[in-house]
Amino acid sequence: MSAARPIRWPAEAIWEAVSPLLPGFTVEVLPTIDSTNTELMRRARNGQGEPTLLVAEQQTAGRGRLGRVWQSDVGASLMMSLGLPLAPQDWSGLSLAVGVSVAESLQPVLPALGADQPARVGLKWPNDLWLGGAAGDRKLGGILVETASFVAPQAAAAAPARASTARYVVVGIGINVLPRSPEGMSMPPGSLQEVEPGLDAPTALLRIVPPLVAMLQSFEGYGFGPMQPRFAARDVLQGRAVALSDGHTGTAHGVGEDGALLVHTAGGMQAITSSEISVRPSAVPPV
């Protein structure tokens, strides 16, 4: 058998688009690593706070929210982490804002509902990309945001007045590119091939990263509030019955300006900031 064709990553095109926004920005592509998020956090703890995009063709110990495993074969998924100094006035809603940016980059316009339409890229609070449509709900990808508790040198030099709030943030994104088996999964997986046939990991990476950097810099100044209506347009939990990890149940009613999920329970409306959310099987997708 011949060796698999090498993946051609658009590293130079991404660097050209992003470096004017992030001086010192670098792009690295590794054939394999334990986890792109783990590696950037290791570097941050060692004082390396440069803006970096790290892409892995294969991860051996990829991580999702709550310690879940995210692994994939070469070419089957896009696995990337973006690390940069950031000093927003309020960190609330950051993972939601990242989700909005990624979803809009992959599918700028939501298709109409219907059997003949492509799958719709939606957002499940707080950090999942979902596909919806005639085939039902499938998980397309996930987002993991982590921060290192130190002042990044560049942030301190560039903005001394804000240095006390600057942290190094690592935004990890994993997206299924090719269809995969649902075996062992609580929800069937979706793939980018359902959104746009032929869309591969390098093309998706180039679409995602420059707008993501611009969004993060906007978030630094304005927070999640301006992103709230855009999240609402893709909110797959809106109007659905949900169950919380504390045993309570209710109906999801969107998110607040701080990114908290609003759930109407027997005790009234609650703003949820940390509970694990599961959609009840009997829930009917919003129209």
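**Surroundings of K124**

Analyst: Leaving aside neighbours within four places in sequence, K124 is in contact with W130, V236, L237 and I277 (contact means heavy atoms within 4.5 Å). This is a predicted model, in which local features need pLDDT of at least 70 and side-chain atom pairs count only at pLDDT 80 or more, while totals for chains, interfaces and linings use all residues. Residues are numbered from 1 along each chain as its sequence is written, and side-chain values use heavy atoms, with hydrogens and water left out.

K124 lies in strand 4, residues 120-124 (strands are DSSP runs of E, at least two residues, and helices runs of H or I, at least four, numbered from the N terminus). K124 is buried (under 20% relative accessible area, 1.4 Å probe, protein chains only; exposed is over 50%, partly exposed in between). K124 has no salt bridge (a side-chain nitrogen of Lys or Arg within 4 Å of a carboxyl oxygen of Asp or Glu). The nearest side chain of opposite charge, D128, is 4.2 Å away (Lys and Arg count as positive, Asp and Glu as negative; His and the chain ends are not counted). The K124 side chain does reach the backbone oxygen of I277, at 3.2 Å.

Elsewhere, T60 sits in the loop between strand 2 (52-56) and strand 3 (77-86). T60 is partly exposed, with a relative accessible area of 49%. The C-alpha atom of T60 is 6.2 Å from that of I33, 27 residues apart along the chain.

As for the helix pair, helix 3 (residues 94-106) and helix 6 (residues 201-222) have axes 9 Å apart (lines fitted to C-alpha atoms over the stretch in contact). Residues making this contact include V98 and V102 of helix 3 and I208 and L212 of helix 6.

Notes. A polar contact is a pair of N or O atoms within 3.5 Å; within protein, one must be able to donate a hydrogen and the other to accept it, and residues adjacent in sequence count only if both atoms are side-chain atoms. Axes are lines fitted to C-alpha atoms, for helices over the stretch in contact, and angles run from 0 to 180 degrees between N-to-C directions.
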